[in-house]
Amino acid sequence: MSLLPLQEPRPASLDDSLKMLAAFLRTRRESLDPQRLGLPRSGRRRTPGLRREEVALLADVGVTWYTWLEQGREVNPSAAVMSAIATALQCTPTETRHLFVLAGLPPAEAPPVAVCEGLSLASRRLLDALLPHPASMQKPNFDIIGYNQSFCRLTGVDLDQVPPDERNCIYQFLTNQHWRNSLGNRECILPVFVAYFRAGMAEHRGDPRWEALLERFFAVSDEFRSHWQQRHEVRGIENQIKQFIHPQFGAFNMQQVNWFSAPRDGVRLLVYLPVDEAGEKVLAHFAQDACKGTLAVSAGQ
């Protein structure tokens, strides 16, 4: 009796990527409206969104092959095919990049640039020079590596009193009531954080810090875990107007502006600019505090 040759075990990370790709494809397909895409009505639809055969038709691929892809099988799609599928699914640039990463394909961008882990003296001076405007420097995983006094006042948290391994925007939002109280539209924030982190996590598979952070978020927030397991949206960092709450001045809006130290995966400088009268009053209040001689603070090494 001949023995069958032993097969090499598949890397766990590959299986995880295929499962993540399958889940993302399915949820993206189910989110689309067939009528908006001009597809003809053909029979009763038992599930929301497009059918698999409709995606296959739009992407000009075989129905069986696409079904295997959405089932998490290893079918080795090419860049051209994944681009066609992304177009068929109406993916944004961030979502398209996410698809490519999960499929093990190199996105059409420059490779990631290595960045220094610590905060340079020049960066500290820059944060202080931006006063009274709130400013911070963050890694792609939302670790806060530097900040000024106005940023602490904006968030309602003295980060000097927070352990360095807890200086993370998502972790603070999940665990710190003062941080949450400083934010308006709180009910909309968690899904956005999950979408940001999912997009980044796909590009940092196997990175111990990212994996440890995800487990930590799960441990402190069942709601985060639920969103992570049930929703598969991805988002890229963008400049936006955010609402904050000040105990004296109430709700006000600030324009968040982001600068990156590298084309991709670099440290991010966030600066907040007032966009309404209430925001101007809050900023003037921060300026008065700075004029009283209170030193700006920044994260310790």
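This briefing covers a strand hairpin, a helix pair and a cavity. The model is predicted, so to speak of local features we need pLDDT of at least 70, side-chain atom pairs count only at pLDDT 80 or more, and totals for chains, interfaces and linings use all residues. Residues are numbered from 1 along each chain as its sequence is written, and side-chain values use heavy atoms, leaving out hydrogens and water.

**Strands**
- Strands S3 (residues 240–246) and S4 (residues 250–260) run antiparallel and are joined by seven bridges; strands are DSSP runs of E with at least two residues, numbered from the N terminus, and two of them pair if DSSP finds at least two bridges between them.
- Three residues lie between S3 and S4, which form a hairpin.
- Ile241 has Gln255 in S4 as its bridge partner.

**Helices**
- Helix H2 (residues 52–59) packs with helix H4 (residues 79–88) at an angle of about 120 degrees, and their axes are 8 Å apart.
- H2 is therefore oblique to H4 (angles under 35 degrees count as roughly parallel, over 145 as roughly antiparallel, 65 to 115 as roughly perpendicular and the rest as oblique).
- Helices are DSSP runs of H or I with at least four residues; axes are lines fitted to C-alpha atoms over the stretch in contact, with angles from 0 to 180 degrees between N-to-C directions.

**Cavity**
- There is one cavity of 30 Å³ or more (a set of points on a 1 Å grid over the protein atoms alone, where a 1.4 Å probe fits but cannot get out).
- The largest cavity has a volume of about 30 Å³, taken as the space filled by probe spheres set on the points.
- Its lining residues, which have an atom within 4 Å of a point, are Pro191, Val194, Ala195, Arg198, Arg231, His232 and Glu233.

Conventions
On a 1 Å grid over the protein atoms alone, a cavity is a set of points where a 1.4 Å probe fits but cannot get out, and a pocket is an open set with protein on both sides within 12 Å along at least five of seven lines; lining residues have an atom within 4 Å of a point.
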